[in-house]
Amino acid sequence: MRLDVLTLFPDMFPGYLGQSILNKAIERGLVEIHVHNMRDWATGKHKKIDDEPYGGGPGMVLMVDPVVNCVRDVQKMAAEPGQVIMLTPQGRRLNQPFVEELAVKPRLIVLCGRYEGFDQRVFDILNPIELSIGDYILNGGEVASMVLIDSLVRMVPGVLGDELSNWDDSFSRGNRLLEHPQYTRPREFEGHEVPEVLLSGNHPAIEEWRKQKGLENTKLKRSDLLDSDPANE
Ligand code: ADE
């Protein structure tokens with residue numbers, strides 16, 4: 001999978017991309033991530049990327065020409081032009097089925113917005129999939145794009161040590177239960193003990209316990225998952 005991130009703040013990314021699972025996935029060549037500074041496509045002495053809104057009002061609007069030119073040039077950097085994704089609070093809300101839908105695409109061009117958003121013609125011309133990570137307003141799309149990248153990279157075959165664990169996670173297609181509790185050493189801490197069944201070596205009993213606890217957890221914390229259809233989210 002190849003991801004191209006288009007942002008005005010490229011320096012936000014190396015720290016995050018350089019750690020842990022992401023870093024290993026990149027080093028092993030399982031994902032390719034390129035970060036581009038949209039300002040490099042701005043023209044004129046001042047490299048202007050945003051301007052005042054026509055009709056007046058507060059804030060600045062990202063200009064159509066540098067953004068569209070940037071996307072077009074970046075698309076030409078690989079044989080596959082890729083699906084354009086726009087991070088915006090107005091988009092379809094990201095959830096695990098949506099992640100799985102996007103994870104099978106060979107290339108995504110991820111546009112991070114700032115300020116009052118993009119000139120409407122960016123949408124009209126590029127026809128992106130608009131994606132939100134939740135009903136709250138961030139300062140820009142960068143953190144949202146990292147959330148998207150993080151959730152996508154886990155889905156790439158070979159990225160996780162345990163191949164099963166990504167498909168086994170809560171919220172995957174067909175799985176609407178939260179995880180069961182986990183314990184590790186020590187067996188007792190300040191009077192809190194590990195449940196006996198986990199120490200029993202009785203694997204059918206452990207499985208049953210885990211299923212029960214997952215269900216209890218879901219009822220307690222996210223009962224909405226039990227009666228909702230992911231297709232409607
Ligand atoms: N940009 C600003 N807020 C956002 C959100 N909630 N999701 C995606 N992009 C955003």
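The legends below describe close-up views of a predicted model.

**View 1. Domain arrangement of the protein.** The domain assignment divides the protein into domain 1, covering 2-153, and domain 2, covering 176-232. A distance of 37 Å separates the C-alpha centres of domain 1 and domain 2.

View 2. Around the ligand are Leu87, Thr88 and Pro89, together with Leu131, Ser132, Ile133, Gly134, Tyr136, Ile137, Leu138, Gly140 and Ala144. By residue class, this shell comprises eight nonpolar and four polar residues, and no charged ones.

View 3. At least two residues of the shell around the ligand come from each of strand 5 (83-93) and strand 7 (129-132). The greatest contribution is that of strand 5, which supplies three residues.

**View 4. Polar contacts between the ligand and the protein backbone.** A polar backbone atom of Thr88 lies 3.2 Å from a nitrogen atom of the ligand. For Ile133, the distance from a backbone N or O atom to a ligand nitrogen atom is 3.0 Å. Leu138 likewise places a backbone N or O atom 3.0 Å from a nitrogen atom of the ligand. On its own, the ligand has 260 Å² of accessible area, of which the protein covers 96%.

**View 5. The cis peptide bond at Pro186.** The peptide bond from Arg185 to Pro186 adopts the cis form, and its omega is near 5°. Most peptide bonds, by contrast, are trans. Pro186 belongs to the loop that runs between helix 7 (163-168) and strand 8 (188-189).

**View 6. The backbone at Lys47.** Although Lys47 is not a glycine, its phi is positive, at about 50°. Most residues other than glycine have a negative phi. The loop between strand 2 (32-37) and strand 3 (50-51) contains Lys47.

How values were computed. Residues are numbered from 1 along each chain as its sequence is written. This is a predicted model: local features need pLDDT of at least 70, side-chain atom pairs count only at pLDDT 80 or more; totals for chains, interfaces and linings use all residues. Side-chain values use heavy atoms; hydrogens and water are left out. Domain bounds come from an automatic or database domain assignment. A residue is near a molecule or strand if one of its heavy atoms lies within 4 Å of it. A polar contact is a pair of N or O atoms within 3.5 Å; within protein, one must be able to donate a hydrogen and the other to accept it, and residues adjacent in sequence count only if both atoms are side-chain atoms. Accessible areas come from the Shrake-Rupley method with a 1.4 Å probe; for residues, only the protein chains shown count as cover. Helices (H or I, at least four residues) and strands (E, at least two) are DSSP runs, numbered from the N terminus. Ala, Val, Leu, Ile, Met, Phe, Trp, Tyr, Cys and Pro count as nonpolar, Asp, Glu, Lys and Arg as charged, and the others, Gly among them, as polar.
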